[in-house]
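May I ask everyone to look at the sequence and the structure together.

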Amino acid sequence: MIGQRRLLARLGERAVRGDVAHGYELSGPRSIGKHTLATRLAQTLNCATEPVVPGGCGVCLACRKIERGLHPDVREITRLVDQAKRDDRKNITIEQIREMQQDLALRPLEGRRRVVIIDDAADLSEHAEVALLKTLEEPPPHAVLLLITPTPSRLLETIRSRLQPLPFRSVARLEIERALVARFGQSAARFAAPAAGKPGIAFTLAMDEGARGARTRFEAEFYRLVGSKLTERFAWAAALADERDSQKRSELIETRLVNWSELVRDAAVAGTGVADGAMRPDRAEESRRLAAKVTTRDLVDLAQRMERWRRDVVETTVSARMLLELFVLKLPYDETFAEAA
Ligand SMILES: [Zn+2]
């Protein structure tokens, strides 16, 4: 587990004694360690090595089964995707919750606690949420429910009021860098800056060439847009808004806004002349060119708007097309980027 020290300190010792609440809300940006913490908590509660340490020993059979998703007392519930039909079910269904509840009512089979991890809890259908509420109102004594979500505001207030909040914070760059070097060697240190406080992103970049490629493609797409005239920009917006699966569409837009706000932020930093503050040091040249074209104030304003739009995309039913058109209207234009692309 990288970062979240205060949260771990608060939770770890209590979990070792089995002194935990029946429901927790793990919230914070994607890739920040919510799922890792949920796994470690499940391991602490069911580890077979005495004395139990915070996070579990990691090597006993119980810990290994939990790590691999094979422990009978630890269940994870996610949105179903039927690959054969290529049909992304939009929600976690009430049937999934009912099935879980039947299990949860029984005593643990191998461990001390039955742990249910729901990720992303904002995917719960309305009926599923109402069904879940019953469990949170009268939980079996051995039950611990961990609801993971980057958007807790989308949960019913009646659900949230029965959960202990565990808000995740950004992790310091140095701390991520140390973890990267320990795991992958010195050359991996360069992935700490682009992770922007999210250890999951740093590790994915260090391990996955595909992820690095995707990142480069997003960057190219952004700079190409900066060098495009309005007609091309609107065509781009229309094409992206055309994705019919609304969940997938939100993800496509969200990924871009997150990625691109970092490029805009870097340009703003380049404009202030602060050295060594960049999240994407290998794009320093582009950041400098953008900064020469647009005032720092406008860049900061754009980055803030992008964060707001990102929230609108994931938390509300705002029109994707309108939002994207607004974005391309606000995006600075620089014809030198057209030549480069
Ligand atoms: Zn263990």
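Predicted model: local features only at pLDDT ≥ 70, side-chain atom pairs only at ≥ 80, totals over all residues.

Residues are numbered from 1 along each chain as its sequence is written, and side-chain values use heavy atoms, with hydrogens and water left out.

Let me begin with the sheet. Five strands form an open sheet with parallel pairing, in the order β2-β5-β6-β1-β7. At its edges are β2 (74-77) and β7 (164-167), each of which pairs on one side only. Helices (H or I, at least four residues) and strands (E, at least two) are DSSP runs, numbered from the N terminus, and two strands pair if DSSP finds at least two bridges between them. Within this sheet, β5 (residues 114-119) and β6 (residues 143-149) pair in the parallel sense over 6 bridges. There, D119 stands opposite I148 in β6.

Two helices accompany these strands. Helix α4 (residues 94-104) lies across β2, β5 and β6, and runs at about 170° to β2. Helix α5 (residues 126-137) packs on the sheet, where it touches β1 (23-27), β5 and β6, and its direction makes about 135° with that of β6. Contact here means heavy atoms within 4.5 Å; axes are lines fitted to C-alpha atoms, for helices over the stretch in contact, and angles run from 0 to 180 degrees between N-to-C directions.

Next, the metal site. Which residues coordinate the zinc ion? The SG atoms of C47, C57, C60 and C63 do so, at 2.3 to 2.4 Å; donors are N, O and S atoms within 2.8 Å of the metal (3.2 Å for Na, K and Ca). The spacing of these donor residues in sequence is C-x9-C-x2-C-x2-C. Both C47 and C60 lie in the loop between α2 (34-46) and α3 (61-67), so the pair ties together parts that are 13 residues apart in sequence.

Finally, two single residues. E262, in helix α11 (residues 246-272), is buried, with a relative accessible area of 8%; buried means under 20% relative accessible area, with a 1.4 Å probe and protein chains only. Among the residues E262 touches are R215 and R280. L240, in helix α10 (residues 230-241), is also buried, at 10%, and its contacts include L252 and L324.

Terms used. Buried < 20%, exposed > 50% of the residue type's maximum accessible area, 1.4 Å probe, protein only. Lists of a residue's contacts leave out its neighbours within four places in sequence.
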